[in-house]
Amino acid sequence: MSGGGSARRWEAGRLALRLALFLSMTGIALLVLMVVAFALPVFSAGESGGPFSWVWAPAQGKFGILPMIAGSLILGTSALALGWPLAAALCCWLIAPPPSGRFSRLSRALVGELVRLMTAVPTVVYGFTAVFLLSPFIRSWLGGTGMSGLTAAVMLGVLILPTVVLVLQAGLGARLESVALSGAALGMDRMEVLWHVVLPRARDTLLASAILGFGRAVGDTMLPLMLAGNAPQLPASPLAALRTLTAHMALVTSNEAGSAAYDSLFMAGLILLTVNAVVSLCLRRLGGRS
Amino acid sequence: MEQMPAVAVRRLSVSFFGRAVIRDVELSLPGGGISVLVGRSGCGKTTLLRALNRLNGEFPGCRTTGQVELFLRGGRHVVYPGGDQPPLELRELRRRVGMVFQTPQVFPTSVYRNMALPLQTVADCPGTELDGRIEAALRQVDLWREVHDRLQTPAERLSGGQQQRLCLARALTLEPELLLLDEPTASLDVHAARHVEELLLRLVEHYPIVMVSHSLSQSLRLASTLLIMGTGGTSPRACTPEGLDERTLEALLQETKEDAPCVTR
């Protein structure tokens, strides 16, 4: 009977759904469990060369990853400081054009398309370009080797720009559309409505875009690896080299296996995982509220 | 009593992405009383109303030809470029021609801020006059008594009828000389709608009103001039509501039907 057949198909579908759920949940749980399990012994090792110290010198048995944690935080924050205001301004320009002007509409469409295109650029391309263009520029104009926290921060700022613009555009654009017409009928232009009505109420969207941008900047591996100089130290200036957690993990995994240095990576992994989990929890909370 | 016109529309056509919504409309609206535009949905009532304050231009793909003349303080003004004088500047036009929409479009902020914002940005109202002008406008729409002790609460917490009266007050703070209302009671319950209607009958002593209405009975209650639009977006037919009842008005609406296909947007 067709009724029985559809019931059976329904049952099979439900089973497939449960299986998918089970597999993905187990995968995530195993990942976390494994990272924690491998990181714990490193935690309890506890002597002076443990992960929570400031010196990374594997040859001398010192596996401190604090410089890398600091490097990640410094780079994430400075990328955000450079990229977010730019992205916010760009978003305002994109969604609040003056009422007329074919040229302005065209240029906005073009820039909007370009921003969307930027999300698809592999970070290695940014890195490669910056090695040849930005890095020599910084070396000759500001000094240092050109492979510095500043170089990486500028490129990470560029990297997070489209993410932040698109998040802001989605959040602010919709709110602007809902009030723009009544604002226009009162004689206000779109920029005034955006500035006076939409932005003061958009703290959640602004914050969400910043958190997402920060998460993206902290999580990126290729740009800091290629541009930040990778010296495992606390940088003395923006022109000094630094090493991030992600770059550190990439560097160490590429030439170590099974050593104590390798084990300390699990601690680095745990910290990265925690940072990302905190970022997505923050976003969830913001999403829930708005 | 022969009145000066408030609005004269000359050969006005509006199209969106090449599709004509209203075409070659000729119209003259009296300088007092409530002119009510009636017609089937999609016949271009709202577009015609929005043509009076150039609001169609806020939508993409809009093209307007022809002219609208407004007779405001200081004489005759033209709304669109290409006339014998430069058109009214957009901000001034919108300030002098107030508009209220079908659904209450309050800003998602406090009652006070809703009123203060247009005053500060559009009318350059000095801070010392702000409170006085806000109170006066809220009193004009019978809202002061209801909200004077909660001006800082979000405007969205007011009831639908209160929100719509707030929108009306917000337009009135700018001291307009003509009011455009696009089905101002369509989203309200009967009680709130009646309240707004009574208000309009009072406000019309000070402002000429042009409104779109879907309700024939409301049109008959409020109109001093009825403008019956056909479905082809052509010039509406003007008549007085005297001696009309809903049935005869419905018959008139049927009669005004055009051969041209109904244009919706």
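A residue is called buried here if 20 or more other C-beta atoms lie within 10 Å of its own, exposed if 12 or fewer do, and partly exposed in between, with C-beta atoms placed from the backbone. By that rule α6(B) is mostly covered: 13 of its 14 residues are buried.

This is a predicted model, in which local features need pLDDT of at least 70 and side-chain atom pairs count only at pLDDT 80 or more, while totals for chains, interfaces and linings use all residues. Residues are numbered from 1 along each chain as its sequence is written, and chains are lettered from A and ligands numbered from 1 in the order in which they are written.

**Where the chains meet**

Two residues are in contact if their C-beta atoms, placed from the backbone, lie within 7 Å. The contact draws 21 residues from chain B and 14 residues from chain A. On the chain B side, the elements giving two or more residues are α2 (90-96), α3 (111-121) and α6 (160-173). Helix α2(B) supplies the largest share, four residues. Helices (H or I, at least four residues) and strands (E, at least two) are DSSP runs, numbered from the N terminus.

What classes of residue make up the side of chain B that touches chain A? There are eleven nonpolar, five polar and five charged residues. Ala, Val, Leu, Ile, Met, Phe, Trp, Tyr, Cys and Pro count as nonpolar, Asp, Glu, Lys and Arg as charged, and the others, Gly among them, as polar.

Helix α6(B) has 14 residues. From its first C-alpha to its last it reaches 20 Å, close to the 20 Å expected at 1.5 Å a residue. The expected span is 1.5 Å times one less than the number of residues.

The contact between α3(B) and α6(B) uses B:Val111, B:Asn114, B:Met115, B:Pro118 and B:Leu119 on α3(B). On α6(B) it uses B:Leu166, B:Ala169, B:Arg170 and B:Thr173. By class, these residues are six nonpolar, two polar and one charged.

**Helix pairs compared**

Axes are lines fitted to C-alpha atoms, for helices over the stretch in contact, and angles run from 0 to 180 degrees between N-to-C directions. Angles under 35 degrees count as roughly parallel, over 145 as roughly antiparallel, 65 to 115 as roughly perpendicular and the rest as oblique. A crossing is left-handed if the near helix is turned anticlockwise from the far one by less than a right angle, and right-handed if clockwise.

| Helix pair | Angle | Axes | Source |
|---|---|---|---|
| α2(A) and α6(A) | about 40° | 6 Å apart | computed |
| α4(A) and α6(A) | roughly 140° | within 11 Å | computed |
| α3(B) and α6(B) | about 30° | 8 Å apart | computed |

Helices α2(A) and α6(A) are therefore oblique to each other. Helix α4(A) is likewise oblique to α6(A). In chain B, α3(B) and α6(B) are roughly parallel. Each crossing has a hand. Helix α2(A) passes α6(A) in a right-handed crossing. The crossing of α4(A) with α6(A) is right-handed, and that of α3(B) with α6(B) is right-handed.

In chain A, α2 spans residues 66-95 and α6 spans residues 149-185. Their contact holds 24 nonpolar, six polar and no charged residues. Helix α4(A), residues 123-132, brings A:Thr123, A:Tyr126, A:Gly127 and A:Ala130 to meet A:Thr151, A:Met155, A:Val158 and A:Leu159 of α6(A). That contact divides into five nonpolar, three polar and no charged residues.

**Positive phi in two loops**

Most residues other than glycine have a negative phi. B:Arg54 has a positive phi, near 60°. B:Arg54 sits in the loop between α1 (45-51) and β4 (62-72) of chain B. B:Asp142 also has a positive phi, near 60°. Its loop lies between α4 (127-140) and α5 (144-147) of chain B.

Is each residue buried or partly exposed? B:Arg54 is buried, with 21 other C-beta atoms within 10 Å. B:Asp142 is partly exposed, with 16 C-beta neighbours inside 10 Å.

**A strand residue in chain A**

A:Lys62 is in strand β2 (residues 62-63) of chain A. A:Lys62 is partly exposed, because it has 19 other C-beta atoms within 10 Å. A:Lys62 and A:Pro51 are eleven residues apart in sequence, and their C-alpha atoms are 8.0 Å apart.
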